[in-house]
Amino acid sequence: MCGRYASTRGPEDLAQHFRVDDLRVEETLAPSWNVAPTEDVWAVLERTPRGADDDAEARRELRALRWGLVPSWAKDVKTGARMINARVETLHEKPAFRRAFTRRRCLLPADGFYEWQQVKDDGTGRTRKQPYFIHPEDGQVMALAGLYEYWRDPRVERDDDPAAWLMTCTIITTDATDAAGRVHPRMPLALTDDHYDAWLDPAHQDPDELRSLLGSPADGHLDVRPVSPAVNNVGNNGPHLLDPV
């Protein structure tokens with residue numbers, strides 16, 4: 001799974017890297033070295049503006065979405081806490097993900113992600129969870145493959161009220177390989193920049209072609225290092241969380 005990651009680049013840098021058409025200056029997120037489920041995260045997506053003509057072209061946006069996908073049919077937002085990841089092997093058939101896979105795909109920018117491993121403390125003899133930070137060797141931004149969905153809040157009367165709609169997302173995962181596989185059996189999928197356009201295009205809906213775009217983060221060129229257990233607490237944040245131990 002992918003249950004925590006770092007995302008510290010600013011919206012202007014992300015908009016330039018992902019060739020965003022529409023940067024919503026009113027949306028801001030602070031840099032985070034400890035992004036946790038149910039928090040708002042940056043997502044790159046393409047969609048047709050609400051109210052536009054049927055022949056209007058989709059525009060690429062950088063949006064703040066809530067991490068943890070809430071299906072349109074869910075009764076409340078609590079469902080999203082259980083849907084932070086979507087397994088690539090089954091997402092095309094799962095009711096919560098299959099429509100989003102064909103119509104609503106996104107990219108989640110990250111500096112790297114965390115995974116944990118059970119290790120034995122030689123001093124105490126007890127087992128503890130050791131976090132590792134996994135990131136591209138060259139330090140480039142990772143484009144984690146994701147899905148997004150709309151959820152209509154029944155407590156809000158008017159459809160045109162911005163508070164009526166919640167946009168949420170999930171990260172697609174697969175079997176871990178290379179350095180990441182030595183820490184945890186699952187890892188997030190990522191895209192190279194030459195696949196951004198095809199993945200984000202809502203008109204591209206062939207499941208087999210879409211799956212062929214997905215690859216391992218940084219093409220497997222990942223660096224792994226143990227970091228402080230301070231990252232285990234979602235209340236901790238700051239660049240010190242990435243210091244090797």
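Which residue forms a salt bridge with Arg60, and how far apart are the closest N and O atoms? Glu46 is the partner, and the closest N and O atoms are 2.7 Å apart.

The notes below refer to a predicted model, in which local features need pLDDT of at least 70, side-chain atom pairs count only at pLDDT 80 or more, and totals for chains, interfaces and linings use all residues. Residues are numbered from 1 along each chain as its sequence is written, and side-chain values use heavy atoms, with hydrogens and water left out.

1. A salt bridge is a side-chain nitrogen of Lys or Arg within 4 Å of a carboxyl oxygen of Asp or Glu. Side chains of opposite charge can pair when their charged atoms come close. Helices (H or I, at least four residues) and strands (E, at least two) are DSSP runs, numbered from the N terminus. Both Arg60 and Glu46 are buried. Buried means under 20% relative accessible area, exposed over 50%, and partly exposed in between (1.4 Å probe, protein chains only).

2. The structure holds 15 salt bridges. Arg19, Glu46, Arg60 and Asp197 are linked in a network of them. Asp159 and Arg152 also meet in a salt bridge, at 2.8 Å from N to O. Asp159 is partly exposed, at 47% relative accessible area. Arg152 is partly exposed too, at 22%.

3. **Glu149 and Arg104.** These two side chains meet in a salt bridge, 3.0 Å from N to O. The pair links distant parts of the chain: Glu149 is in strand 10, Arg104 is in the loop between helix 2 and strand 7 (105–110), and they are 45 residues apart. Strand 10 covers residues 142–152. Glu149 is buried, with a relative accessible area of 6%. Arg104 is buried at 14%. Beyond four places in sequence, Glu149 also touches other residues, including Leu69, Pro71, Ala100 and Met167. Contact here means heavy atoms within 4.5 Å.

4. **The nonpolar cores.** A nonpolar core is a set of buried Ala, Val, Leu, Ile, Met, Phe, Trp, Tyr and Cys residues joined through side-chain atoms within 4.5 Å. The largest has 31 residues. Phe18, Phe97 and Trp199 are among those with the most contacts inside it. Helix 1 (11–17), strand 4 (40–47) and strand 5 (59–67) are among the elements that each supply at least two residues of this core. A second, separate core of 24 residues includes Ala43, Leu108, Ile134 and Leu222.

5. **Strand pairing.** Two strands pair if DSSP finds at least two bridges between them. Strand 1 (residues 5–7) and strand 8 (residues 112–120) pair in the antiparallel sense over two bridges. Ala6 stands opposite Gly112 in strand 8. Strand 8 also pairs with strand 9 (residues 127–136), again antiparallel, over eight bridges. Lys120 stands opposite Thr127 there. The hairpin of strands 8 and 9 has six residues between the strands, and Gly125 takes a positive phi near 80 degrees.

6. **Cysteines.** A disulfide is a pair of cysteine sulfur atoms within 2.5 Å. The count is zero. The sulfur of Cys2 is 11 Å from the closest cysteine sulfur, in Cys169, so it is too far for a bond. For Cys106 the closest cysteine sulfur is also in Cys169, at 5.4 Å, again too far. Cys2 is buried at 0% relative accessible area. Cys106 is buried at 0% as well.
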